[in-house]
Structures are given as C-alpha cells and as structure tokens.
Amino acid sequence: MNARTEPAATEAEPDAPARPPLVRELLLVAGLFLLYKLGRQLATGHTAEAFRNAHHVWDWERALRLPDEGGVQSLLLHGDALVHVANTYYAAVHFPATAAFLIWLYLRRPGHYTWARRVMAAVTGAALVLHLLFPLAPPRMLGATGLIDTARVYGPSVYGPPHADELSNQFAAMPSLHFGWALMLAIGLIAATRSRWRWLWLLHPLLTLLVIVGTANHYWLDVIAAAALLGLALAAIHLPHRSRRDVPRGRPQVRRRAPAEEERELVGAAR
C-alpha cells in the first residue's frame with residue numbers, strides 16, 4: 001500500500017509551489033521603480049560624457065562592421081503609418097507587456113514567476129549600474145548617425161527635452177532594457193507553457209529589436225549588451241525543474257526498482 005501511495009505524494013510536491021505574498025511582490029516592484037528614479041537623478045549632469053560615449057559606440061560599431069542602424073530606419077520611413085506604428089509599439093507595449101507577463105506567471109505558474117522575477121531584477125539592477133558607469137546618448141541625439149528622432153517627428157513620443165525629463169534617464173541607452181525584458185518575456189513563456197505555438201513568442205523580442213533600432217532609440221551594441229546580461233542572469237538563476245520528483249534525494253534508481261519490488265511482494269503475498 002505504501003509503495004503505491006508514496007510516489008504520488010512525491011509527484012505532488014513540485015507541482016504546487018507556494019505563491020509569493022502579493023504585498024511583498026508589490027513592494028519589490030516599487031523598490032525597483034524608486035531605484036530607477038534614483039538612477040535618473042544620479043545621471044543628471046553627465047550630458048557631455050554621454051555624448052562622448054555615444055561617439056565611441058558609433059565608432060566601435062563601424063570598426064566591428066555591424067549593420068548601419070540607418071538601414072532599419074529607412075524601412076520604417078517607407079510610410080508614415082508604419083513609422084507611427086513603430087513609435088506606438090515602443091511607447092505602449094514595453095511596460096504593459098512585461099506587467100501582463102509577470103501577473104500571468106504569478107497567477108498560473110508561481111514557480112516560474114519567482115524565477116522570472118529574480119532574473120529580471122538581476123538584469124535591471126546590473127543595467128542601472130551600467131547606466132551610471134557608462135552614460136550613453138541614444139542615436140537619435142547624435143548628429144553623426146544621420147538618424148532622425150522618429151517619435152518627435154511622427155509621434156507619439158514618450159520623451160521630453162532631456163534636461164527637463166524628470167521621469168526617465170534618456171542617457172541610459174546601454175544596455176537596452178526594452179530588448180532585455182522582451183527577450184526574457186519570450187524565454188519565460190516558452191519555458192512555462194507547452195503549446196506547439198509557444199516559440200512564436202520570440203516574435204516579441206524580434207519586433208522590439210527592429211523598433212528600438214529603427215526609431216533611433218538604441219544602438220546594436222545596446223542590444224548585444226542586454227542579451228549578454230540576460231544570459232549571465234539565466235546562467236546564475238536556474239529554471240525550476242518540473243521533474244524533480246524523478247531524482248528524489250539523488251537516487252533515481254530507487255524509483256525504477258520500485259515496480260519490480262512491488263510485484264515480488266504481491267506474488268509472495270499470494271503464496
């Protein structure tokens with residue numbers, strides 16, 4: 001009887017992880033927002049350094065023979081409607097999509113939620129440090145790029161003049177949290193779901209990549225830096241395993257022998 005019931009109890013443990021307290025999670029999100037605001041205040045007065053770094057990044061990209069960001073922007077400028085959609089995607093999708101992703105995981109996949117939240121917090125914290133150590137003006141501000149600020153010209157725009165913007169740090173181009181969060185959203189949903197269509201979530205970071213580069217808000221190197229940070233975070237913070245019950249206490253062979261042992265016990269009892 002025990003041999004029949006114990007595996008079922010073992011299987012039930014990892015499938016029902018405890019949902020983190022909601023109040024604590026809200027406080028964590030508020031703390032990250034305040035940290036971002038602090039980074040915005042600390043970045044004040046680094047305008048000259050941000051533009052020097054922008055010239056360096058532009059030169060590095062040419063030395064590395066990376067594609068010209070202007071090629072992506074020229075695709076958007078084929079029609080006013082297309083560039084307007086790109087600007088709207090940049091302004092309206094980033095935060096709501098990330099919030100919806102975390103809320104869904106919290107309600108439906110608590111174990112994956114904790115993992116995703118830790119990864120995103122690590123990436124965001126590391127990004128804020130880089131923003132302070134390496135302030136960087138986006139390509140839309142750098143005349144040498146030949147790019148235009150599509151949000152300002154075609155709308156909608158989420159940024160005001162840099163010197164008057166009290167909410168966002170416009171000299172925080174590297175790494176791109178727009179891309180880092182979008183890529184984590186896709187990875188998180190692919191890991192947490194089993195649909196054959198789940199790989200289509202990769203379209204979100206792909207579209208985000210084209211939008212942030214085409215609207216001249218980020219350089220290619222900003223995207224590479226964000227992907228590298230996310231890769232390090234994913235390597236350090238492991239995904240919860242669905243199959244922990246398959247290797248209880250480091251002895252996977254015990255479960256494989258259990259059916260044979262149970263059969264011998266039943267034969268012995270019949271005699």
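**Exercise 1. Salt bridges**

Five salt bridges occur in this structure.

*Solution.* Start with the ground rules. The model is predicted: local features need pLDDT of at least 70, side-chain atom pairs count only at pLDDT 80 or more, and totals for chains, interfaces and linings use all residues. Residues are numbered from 1 along each chain as its sequence is written, and side-chain values use heavy atoms, with hydrogens and water left out.

Step 1: apply the cut-off. A salt bridge needs a side-chain nitrogen of Lys or Arg within 4 Å of a carboxyl oxygen of Asp or Glu.

Step 2: check exposure. Buried means under 20% relative accessible area, exposed means over 50%, and partly exposed lies in between (1.4 Å probe, protein chains only). Arg 24 has 42%, so Arg 24 is partly exposed. Glu 25 has 3%, so Glu 25 is buried.

Step 3: take Arg 62. Arg 62 is partly exposed at 29%. Glu 61 is buried at 0%.

Step 4: look for shared partners. Arg 24, Glu 25 and Arg 117 are joined into one network by such salt bridges.

Step 5: Asp 149 and Arg 140 form a salt bridge at 3.8 Å, N to O. Both Asp 149 and Arg 140 are buried.

**Exercise 2. Helix α9**

Check whether the end-to-end distance of helix α9 agrees with its 16 residues.

*Solution.* Helices (H or I, at least four residues) are DSSP runs, numbered from the N terminus. The expected span is 1.5 Å times one less than the number of residues. For α9, residues 177–192, that gives 22 Å. The end C-alpha atoms are 22 Å apart, so the two values agree. Now look around the helix. Of its 16 residues, 15 are buried, so α9 is largely enclosed by the rest of the structure.

**Exercise 3. Backbone exceptions**

*Solution.* Most residues other than glycine have a negative phi, and most peptide bonds are trans.

Step 1: Pro 156 sits in the loop between α8 (150–154) and α9. Pro 175 is also in the loop between α8 and α9.

Step 2: Arg 65 lies in the loop between α3 (47–63) and α4 (69–76). Its relative accessible area is 77%, so Arg 65 is exposed. Ala 216 lies in the loop between α10 (203–214) and α11 (220–236). At 0%, Ala 216 is buried.

**Exercise 4. Two packed helices**

Describe how α5 and α10 pack.

*Solution.* Axes are lines fitted to C-alpha atoms over the stretch in contact, and angles run from 0 to 180 degrees between N-to-C directions. Helix α5 (residues 80–92) and α10 pack at about 115°, with their axes 10 Å apart. That makes α5 roughly perpendicular to α10 (65 to 115 degrees). For contact, heavy atoms must lie within 4.5 Å. Ala 86, Tyr 89 and Tyr 90 in α5 meet residues of α10, including His 204 and Leu 207.

Methods:
Parallel < 35°, antiparallel > 145°, perpendicular 65-115°, else oblique.
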